Amino acid sequence: MSAVQHPAQSASAPSPPPSTPPPQQQQPTQQQPTVAVPLPSGGNHSGNHSSNHSSNAAGSGASGSSESDIYGMLVVLGCNGHLPGDSGAGRRTSRLLLRRRPNGGNALRPTKKQWRATSIKELEGCRPQASVSYTLGRNQGFVVVEYEPDAQCDMFQVGRSTESVIDLVVSDSTPPGESAASDSTISRYACRILVNRTPPYTPRIFAAGFDSNKRIMLGEHAIRWNVTTDEVDGLTTNGVLINKPVGGYCPGSQPGPWFEVSIEGRLYPMREHRATPSHSDVLHAVDNSLIDGTVIDLCGVCLVYRSAEGLRRSPTLLELCSRVESLNQTHILCPVRYQTLVIRKPLQANPASAAGGGGSMPDDRQPYVYTGCGHVHGLHSWDRPGGQQQPDRRTCPLCLQQSAFIALRLGEEAALYLDRDGMPNYAFNPCGHMASELTVKYWSALPLLTASQLRPLCPFCSTPLATPATIRLLFQSDI
Ligand SMILES: [Zn+2]
Ligand SMILES: [Zn+2]
């Protein structure tokens, strides 16, 4: 193990949570259900296409809360604003609004107390009210680090477990056309996010989450090291990675490098292989705070964090509908069939098919595009030598260039848009999800880790992008 520098020695390193009030003031125990709700002002930012989502704030005891209570939002990539079976009332949803918990903070922070337990029996017997236990190896016992309530922070947890301590329940996102892994690689308690309850509400991410017994138990394959004589840190087996956009999530920004987050919130370079049992030196130039547009990789599913301010810069669902309406009003014509094509508005989309990037029944006004040239047509049978089985061998009637011919559909998760005003006149190849130029170009430049390889994916449906990754759409009015 290489020696590491304590992050407190660096101004930009992850800062430990502030000191807490006396224990009797702390109310750490009860997890409040936190659910997806629209941002209260600026239109419907929720992307959830049913109004029943809006009633959930009261259900979490947030009545009387205001927009100033909103920290930000976690958006699950690949869901396109819909999750099959999502009623909007549960914790298995495509987006989670992070807002100030009405009944006080539920966060936990490490104390300086740690000890060795030589057996499970001893571990069970000495368990404090909250702890992180590191398994030292077969028959070598455990290192137990005591945790205590931190009333100045709210904690939100993400994972595969359906226990109430998990605020956002996630499952593996399998790209369309790829077989799902037989065993999920997402941890039941994958990560936790702590947000200061007072402005500026800086959210910070940590690997691993607490179970309902307020315990994190790391197996012998998890990496562990001593940061100082009285401080231990470690990495989870499959790791939690983050990517912060350089320059913010706004026009002109670029995806940043990937870093791995430790249990205590330090950042390390990505391991060469995800489960490689080693870690590098701490990087001091970055910390574990989440800025607008930070992508969080939980080994099987990715999330993007949008700050409350960032959401205000994103289009609302109504604005997305308005952009589509503007395109439709130009009376896009199929150059072959001379038929007016219609792009479906978000509210008209079929939720069951939207996330899959395919499968929706095309109607005769559905727009299609040749991926090589960008010419938009209706579905036509001209030059279809390979039939339905070989859609990538079509010749565009306008420019005679051969390429795939794919259906176009709007990227409907408004929180993924990089700019508020851009028209959805670009598309991802090969899934055909339309979005603004800046949005499409940003995500096509961000390699996401799937199936042990880094590759750009469509953020709306998780389809790996082809070459070229983006298509500039040429509607008939552009020709
Ligand atoms: Zn063409
Ligand atoms: Zn897509």
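Modeller: Strand β1 (residues 70-76) pairs with β17 in the antiparallel sense, over five bridges. Strands here are DSSP E runs of at least two residues, numbered from the N terminus. Two strands pair if DSSP finds at least two bridges between them. One caution: this is a predicted model, so local features need pLDDT of at least 70 and side-chain atom pairs count only at pLDDT 80 or more, while totals for chains, interfaces and linings use all residues. Residues are numbered from 1 along each chain as its sequence is written, and chains are lettered from A and ligands numbered from 1 in the order in which they are written.

Colleague: Which residue in β17 is the bridge partner of V75?

Modeller: V304.

Colleague: And which sense does β16 take with β17?

Modeller: Antiparallel, over four bridges, with β16 covering residues 294-297. I296 has L303 as its bridge partner in β17. The hairpin of β16 and β17 has four residues between the strands, and C299 takes a positive phi near 60° there.

Colleague: Is β17 enclosed or open?

Modeller: Six of the six residues of β17 (residues 302-307) are buried, so the strand is largely enclosed by the rest of the structure. Buried means that 20 or more other C-beta atoms lie within 10 Å of the residue's own; exposed is 12 or fewer, partly exposed is in between, and C-beta atoms are placed from the backbone.

Colleague: Which way do the side chains point?

Modeller: C302, V304 and R306 point one way, and L303, Y305 and S307 the other way. All are buried.

Colleague: New topic. How many residues are in the largest nonpolar core?

Modeller: 107. Such a core is a set of buried Ala, Val, Leu, Ile, Met, Phe, Trp, Tyr and Cys residues joined through C-beta atoms within 7 Å. Those with the most contacts inside it include C191, I296 and L303. β1 gives the most to this core, with six residues.

Colleague: Where does this core lie?

Modeller: Domain 1 (7-312) and domain 2 (317-478) both give residues to this core, so it lies between them. The bounds come from an automatic or database domain assignment.

Colleague: What is C191 in contact with?

Modeller: Leaving aside neighbours within four places in sequence, its partners include V158, F206, V240, I296 and L298. Contact means C-beta atoms, placed from the backbone, within 7 Å.

Colleague: Last one. What is the order of the open sheet of three strands?

Modeller: β19-β18-β22, with antiparallel pairing. The edge strands are β19 (376-377) and β22 (405-407). Three bridges join β18 (residues 368-370) to β22, and Y370 stands opposite F405 in β22.

Conventions. Contact = placed C-beta atoms within 7 Å.
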